[in-house]
Amino acid sequence: MKKSVIYPGSFDPLTNGHINIIKRAANSFDEVVVAVAINSSKSSIMNIDQRVKVIKKIFRNNKKIKVDKFKGLLVRFAKKKKIKTILRGMRTVQDFEYELQMATSNNKLDSTIETIFMVADANYAHISSSLIKDIIKLGGSAKEFIPKAVEIELKKILNKDK
Ligand code: PNS
């Protein structure tokens, strides 16, 4: 049977840390579904289509990695996809509390779903999308934290807003 995992997130924007987790997950699973959340409550820098498009572009040559978007409960999306495992990256102890709450809530919502964690590579443990978003919004360069394709997409978005 095919071993699949869902890697959900806002990915606003996708960082080098996310890429590291996705690639490592693809070494352990037959299929990694990167699930981009349609989250209207967050003030996003990239809209859902821009996020999905750029992630698809980055992984276009890796057949194991699929990109999809979802709205509403993650466990419902997992059920629809017939995938029982959710993967989250864990960077610091600060992540732990939030991740614990999320994993427990998801398991209460659907006890057939398990969340597993991958510890962030030390080179990326300090990177977060919100930090990057701040840097970009304040006119700084986030170059070293994001892939080239994301940088290009962000430049286009920011230039349009000018
Ligand atoms: O990258 P993020 O913002 O930390 O990802 C959070 C995400 C999108 C995985 C989480 O907010 C989520 O699963 N949202 C979907 C709504 C849901 O299922 N909520 C209940 C689980 S706590």
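**Close-up views of a predicted model**

**View 1. Asparagine 47 caps the N-terminal end of helix 2.** Look for a side-chain oxygen of asparagine 47: this atom lies 3.0 Å from the backbone nitrogen of aspartate 49. Keep in mind that this is a predicted model.

**View 2. Helix 2, residues 48-58, has several buried residues.** Which residues of helix 2 are buried? They are Ile48, Gln50, Arg51, Val52, Val54 and Ile55.

**View 3. Arginine 88 sits in strand 4, which covers residues 85-90.** Is arginine 88 buried or exposed? Arginine 88 counts as buried because its relative accessibility is 16%, and the cut-off for buried is under 20%. Now find its partners, leaving aside neighbours within four places in sequence: arginine 88 is in contact with Tyr7, Pro8 and Gly9, with Tyr98, Glu99 and Met102, and with Thr115, Ile116, Phe117 and Met118.

**View 4. The second largest pocket holds about 280 Å³ of space.** Helix 5 (129-137) and helix 6 (148-161) are the elements that each give two or more residues to its lining. Helix 6 provides the largest share, 5 residues.

**View 5. A closer look at the lining of the second largest pocket, made up of 14 residues.** To find the centre of this pocket, start from the residues that lie nearest to it: Ile136, Gly140, Ser141, Lys155 and Leu158. What classes of residue make up the lining? There are 5 nonpolar, 4 polar and 5 charged residues.

Key:
Residues numbered from 1 in each chain as written. Predicted model: local features only at pLDDT ≥ 70, side-chain atom pairs only at ≥ 80, totals over all residues. Heavy atoms only, no water. 1 Å grid on protein atoms, 1.4 Å probe; cavity = no way out; pocket = protein on both sides within 12 Å on 5 of 7 lines; lining within 4 Å. Points joined across faces, edges and corners; volume = space filled by probe spheres on them. Helix = DSSP H or I, 4+ residues; strand = E, 2+ residues; numbered from the N terminus. Nonpolar A, V, L, I, M, F, W, Y, C, P; charged D, E, K, R; others polar. Buried < 20%, exposed > 50% of the residue type's maximum accessible area, 1.4 Å probe, protein only. Contact = heavy atoms within 4.5 Å. Polar contact = N/O pair within 3.5 Å; in protein donor to acceptor, adjacent residues only side chain to side chain.
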